[in-house]
Every structure is written in C-alpha cells, then in structure tokens.
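Open the model in a viewer and keep the selection tool at hand. The stops below say what to select and what is there.

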Amino acid sequence: MSRPSPRIRSALALAAAFLALTTSPASGDEPVPLGTPPATVSDTSFNGTASRVRFEQKLGSQAPLAATFVDEQGSENPLAACFGRRPVVLALVFHRCPLLCNQVLAGLTRSLKPLPLQAGVDFDVVAVSIDPEDTPDSAAKKKAGYLERYDRPGSEAGWKFLTGKKEAIDALCESVGFQYVQNPATKQYAHAAGIVVLTPGGQAAQYFFGIDYPPKEVDAAIRRAAEGRTGSKIAAMLLLCYDYDSATGQYTLSIVRLLRVFGTLTALSLGLYLFLMFRREHRGRVGDAAAAADAPGA
Amino acid sequence: MSASAHARRDDGRPADYLSDTSVASWLLTTDHKRVGILYMLSVTLFFFVGGVIAGLMRLELMTPRGDVMSTPDAYNRMFTMHGVIMIFFFLVPAIPGVLGNFLLPLMIGARDLAFPKINLLSWYVYMIGGVMGVWILVYGGVDTGWTFYTPFSTMYSNTYVVTAAVAVFITGFSSILTGLNFIVTVHTMRAPGMTWFRLPLFVWSHYATALIMVLGTPVLAISVVLIGLERLFQFGIFDPKLGGDPILFQHLFWFYSHPAVYIMVLPGFAVISEIIPCFSRRPIFGYRFIAFASVAIAIFGFLVWGHHMFVSGQSMYAGAVFSILSFLVAIPSAIKVFNWTATLYKGSLRFDTPMLYAMGFMGLFTIGGLTGLMLASLAIDVHVHDTYFVVAHFHYIMVGGTTMAYLGGVHFWWPKITGRTYSELWGKLSALLVFVGFNLTFFPQFLLGYLGMPRRYFEYRPEFQVLNVMSTAGASILAVGFVLPLFYLLLSLRKAPDAGPNPWGATGLEWQVESPPTTHNFHEPVLVTCGPYMYSPEEAEREYASQHVHTA
C-alpha cells in the first residue's frame, strides 16, 4: 500500500516487464533496501535497478532551452526552437526500444487523436531520444510511423523527434525528473513511462504516467499549459494522498499516509490544548505565587 | 477534619445525591456521581455476562475433548465474546467510568465534571455499544478473537464482524468523551490552592489515562471503520488480494490496544495509590515519582505496540527496538510498585477489605508485569507466542491488576458512595477467595503455555488435563469470590446510612463531605492548603483544621 518516499514513482511494473525482457540478472550486487521481501535473483537485480529508475514530478521546473538537439532532418538547433509559441508535450524515449517507448508514443498518439486541439497549431509534440547513439535517420522513421497513426494532414511540423549528445539529454532529463539506467550488457535502457506537458516557456506543467493518458485530461493540461499555468498546487497536494500500488497497477488512496496525517493532527491538537492550559495556569499563578510554591505533602 | 460537616447537619441536612429516586431523574441526570452509579450498574452487568462465558470456556477445557460446546466454532465465539465484553465493556470503562466519574470532581474540590451533559452522553454511547454487543452475543457471536485480525475478519469470518466493529467503534467514543471530560476538568475545575502537586495520585493517574483515551481510541475507531469498509465495499486496505496489507491492521490495532492496556491498568494504580497510604497510615512514598510515572507510562505506552507482532513478519530490527522499549515501560510501573512497598514499610498496617485487595493487586500485578518482560524478550516470545503463557500473563494484569483494584476501590469508597458499611468478615473472605481462586486459575496456565498448549483451541492433548482441571477448579473459586460482594454490598443497602463521612480516617477532600455526598458535593467553596496523604497525625491535625475555610 504505502511507499516510504512521497514521490510518485511511475509505472514501475511496466519497467519491470521491460527489464524482464531485455536484461539478464547481472546486477545482483545492488544493495537491497531493508524490509524488502525475500527475493529471487532476478527480483534482486530488478530491485537494485528499479530503485534508481524513477519519474519524479518537478512541476514548474525549467527545461534547458539552450541545450542543442538534432531534429529528424539532421539540423542542429537549441531546444528553444521547439518552445516559445505553443505548449509542448514531451516524451522521453529511445528508438531501439523494443517495447515500452513504443507503448508511450502509441498511447500518446491514441489520446491526442480525438482531441479538438491540433499538433502544430495548438501544441507541439517533442519526442527526445535518451540514447546518444540514436540518429536523425531512425528518428525520421519513427516520426513517419506515428504521423501515419495520428492521421491529421498538416501536422508534420508539430511533431519533432530529436536526438542529441549525452550532456544535452542528461540536462533535459534532470530538469523534468526523469531518471533511467542503462544495462551495460544489452545497452538497453530501464526507464519509467510517461509524458510531460510543458508551458510555451519550457516549464513542466503536468505529468502523465503509464501508457494511457486520458484524452480529456491531456486536453485540459495542454490548455492550462498554454496559459503558462504549471499544474495546480492543490492537485500536487492531492497527489500526496495517493500511492502507486504495484499489485493493482493503479494509484490508490494512501491509507497509511492519511492515517499519519490525521494521527499527527490529533496529537498536535491535544498538545496545543495542553500547552494553552498550562500557560494559562502559569499566568494565573503569578499572583498566587505563595500557594503555588508550596511543596506537596509527600 | 470532619467537624464542619457535622456542624452543618444541625441546620437541616441537604438532600444527598441518591434521594431522588424517579427513573427519569436517573436517566436524565448530569450529576457525575449518578453517572458513576449508572456506569457501576452496567459494568457489573457486563462483567457477569463475560464471567459466565468464561465459566463455560473453563468447563469445556476440563476435558481434553470438546464436549460442552457443540462445535469448535461455538468455542471460538465464546472466547471472542468473552474478550470483547470484558475488555471493551468492563475493563476499559470500569474504574474511570465508575470511580473516576464519582471521585474526580470530589477529589479536586469541584462541583461536577467540566461537561456534565457530555458525561451522561458518554454513558449512553457506551450503553448503545454494549447493547449491540449483547445483541451479537444472543444472535450468534463473533469468532475472530477480540483482536479482529485481518484477513480473517474481513474476508472469511461468517459472523457478525461488522456489527461487532460498530459496537466497539461506538463504545470507543464513550472512552474519548470521558477522557476529554477528565482532561478539561483537571485543568479548569480544581479548587483554589489545589496545585498539580497537591492532587491526589488518583487524579494524576486518571489524567494520564485520559490522555491515552483521547490519543489512542481514535486509532481503534479508524481501524474498525477500515475493516467495515473492506468487508462491505471490498476496499483494498488489509487484504493482499486487493492490494492491501494485513500487517497494517495489526499495527493499527495494537497502536490502540497496547496503550489500552494502560487505559485499563493506570486507573488501577490510581486506586491502589489511595488505599495503600490510608491503610498504612503513612504519607505515600515518592509522590512525584508516582505522579510522573503515570505520565511516563502514558507516553511510553504508545511506543511498544510492536511487541505483539514479533512473529508477524515484522523486521527483526523493529522487533529489537520494540523489545527494548517494552523493557523501558516496565520502569515506571516498577517505580510505582517499589513506592507502594516503601509506603508500607514501618506503616501501621490495617488489613481491612480494601487493603487486602490492594495487597493482592501488588502481588498479582508484579507477577503479570514480570512475565510481561519475559514476553517482551524476543527469543522467549517466539517460544510462548499464542500459548496459554500469554493468556495467563494478561489475565494477571487485567484480572489480578485492574479487577482487583476495581474491587478494592469499590470496597474503599462504598461507604462514601452509598453511606453504608458492609460486613468486613464477608469482605475479607471475598478478597481471599478472589486471590486464591485467581492464582489457582491462572498460574497453571503459565505452566501450560510454557509446555506448549496453544491458546484458542477447544481441544488439547491429554497430558495437559491435570493443569486444566486445576485451572477450572480455581475459576469456580474465583466465581464465588466475585459473586460474594454482589450479595453483601447489596445487602448493606438495606441498612440506614451508618458510615459517617470518613469511616477509614482517610485524607482527601472526598472524605470531608457527607456520605453519601449531597448533589452539590461541597457546601461552601473549598480552599486547599496542603497536599494529599497527610497521614502523620500531628500534621493532619494542623493542616486539615484549616482545610475547609469558608471564603465566600
């Protein structure tokens, strides 16, 4: 039910499925956190890697607009070229990915398709490869595939598939809280699934985790981001009440955290009452010091 | 010291709190003394209901085969109902509800509790829970054990779990209301001059108890609500199949239920701290230590819940920490026992009935406490967990401790509550029977548990029979010991009031007013000029002469 960290870790179950497909249980020497249930060898390697894979919500965090990336046509531009006019839907993927990245992009296309908003007019889609070895060629192939699925003529300019050097990739991932791990044996990446909606100014406005993004919510998020609003603080507070439940694959109410909050409130309110009462008595006694100073009969 | 009380009788004795006898005057009363009496009637009723169930269980356990009850399920329901009734409807409310309600305002020189109507409400809330409890008993019972462990209680039990949970939930609110009332009363209603360190230790203990009630009981309430949610609506809270965590329930449950042990036993300490100095004719030894030990128990009591979960898959490190903390909580309890013992030393001991109960308490509580330390040791606990050793241990605390203290308190303050004295001979006999019967019932259970007889089974291996027969024999003696006071105390009511204000020659404000007290407790504002337990004769003479100064 509960997770020790208040941060939302997204779609770890999917990452696990991905790992099971692509990695061998090689990194078994990772430290296992206390309290972890007894694990098999492959579990252990998963735990070790998974503990470093996370997608942390950094609402309002500024993307590095100066970092340069290469677009699918081969021209090198600063990231700022993708921003400034419209909100951006950012997906962090890598093109050789056998499973999860395709799911992310497919899910994204699926939710964008029914929207009244149009890519290239109302917002841009930017898919950045986290693999420095990906090339504009592979990016162009990907783009063609998803444009076909999106099936809205005239939106080519609204989809950008960027590749770049490791420094630029790391700067961008860092700014949106995307942490991944490369398996040295297979050169594959273990990473979380999700998309980020950014404001035209390049600030992270809203996160969607997993591979299904409710179209209505994406629509609302893009509209809010267009106005430069970076998520709502209330929504962020609300998220504190929810945890990712790996058994059901859903976010569920974090009973433990709620109990902690209300328990603390109860204790604090009683403590406050006692404090006020003792203070009142202390003040009341100042005029009655002689009586108060008497020791007890014992 | 009682001169002023006698003097007032000449100009027309004011009606005592018992004089209005109409049913409405009882059911709508806001007098803390009458609410105390209401509690006394109800906890007595529940005590005997729970006791009859215990008797049936002991009867069943006389032979290794199940022969008294038709099925093992019936036995499961019996021990569950015994636990639920005894803990939630007798032990928790007994001393605070009866003696606390009656005495707290009298002891601090107040007219009533801070919220008299809430006080009455707490009794009604308690009765609603209690009636539901009896309803469940009549209609088939619950078989989860009083601990309601999940996932059995939420997924598999076919009994009235939700009703029982609601009953416990409702009764919990009665506890919370009583606790709030006591806290506010002690803070705001003390008579002038009644400083914190002039409070009788009875009040200190009840204050600490009230803190636990207010902080702990909501956790119990929320745990049973969560059980209801999961059982009725399949919310995944405790059931792993739905993404829940069964251990979470144990954490929540014991986070309340271990402090609840102190809700039960701290008021017992309260009573003993009053009886011991009175019948030793000495000021209590180490007043401040006893007072702060109560508060320390209230605080430490919240940090030891994990010692119930040593074998529940809790991490070894957590187990070690909880073990150490459980050892620590023994310190304030031991402080109290040592201080009572030191009070006895060189005292002019009088072995009246309340004192016999108090002495019994000290012995039995000490055995219960020390075996608690054995159970708090990780290695021993693994061996004796869920055996009769545990059963014996907590009965030594709850029956040997709380029930003995409750009976001692009832005998001590009976003349104050009713204005009547009872037969000392029968009183002493009952105290003796309870002590002997109790030990014969529960000491064999330590041995049974150590030999490996698990608790909560209605059959057992033949080699355990001798000890079980001893235990059942003891239970019969214990039953006689418990029933006796019912008779001679009730018989005493047929007499005219004969106790006088202060039959024991005790100190404390409650003994300065008539027996039974008048509705308004005190006839004139009280000014306190000395601490409690002024049992050295010269000092008592000097100090108590000026206690009742008329300052109005």
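In which loop of chain B is the place of Pro151(B)? Select the loop between α5 (116-138) and α6 (152-156) of chain B, and Pro151(B) is there; helices here are DSSP runs of H or I with at least four residues, numbered from the N terminus. The model is a predicted one, in which local features need pLDDT of at least 70, side-chain atom pairs count only at pLDDT 80 or more, and totals for chains, interfaces and linings use all residues. Residues are numbered from 1 along each chain as its sequence is written, while chains are lettered from A and ligands numbered from 1 in the order in which they are written.

Pro516(B) sits in the loop between α16 (465-492) and α17 (537-545) of chain B.

**Positive phi**

Most residues other than glycine have a negative phi, and most peptide bonds are trans. In the loop between α16 and α17 of chain B, select Tyr533(B). Tyr533(B) is not a glycine, yet has a positive phi of about 60 degrees. Is Tyr533(B) buried or exposed? Tyr533(B) has 27 C-beta neighbours inside 10 Å and so counts as buried (buried means 20 or more other C-beta atoms within 10 Å of the residue's own, exposed 12 or fewer, partly exposed in between, with C-beta atoms placed from the backbone).

Move to Arg456(B), in the loop between α15 (424-451) and α16 of chain B. Arg456(B), not a glycine either, has a positive phi of about 70 degrees. With 15 other C-beta atoms within 10 Å, Arg456(B) is partly exposed.

**A helix pair**

Select residues 246-280 of chain B, helix α9, and residues 388-418 of chain B, helix α14: the two pack at an angle of about 40 degrees, with axes 8 Å apart. The axes are lines fitted to C-alpha atoms over the stretch in contact, and angles run from 0 to 180 degrees between N-to-C directions. That angle makes α9(B) oblique to α14(B) (under 35 degrees is roughly parallel, over 145 roughly antiparallel, 65 to 115 roughly perpendicular, the rest oblique). To see the contact, show residues including Gly268(B) of α9(B) and Gly401(B) of α14(B); contact means C-beta atoms, placed from the backbone, within 7 Å.

Methods. Two residues are in contact if their C-beta atoms, placed from the backbone, lie within 7 Å.
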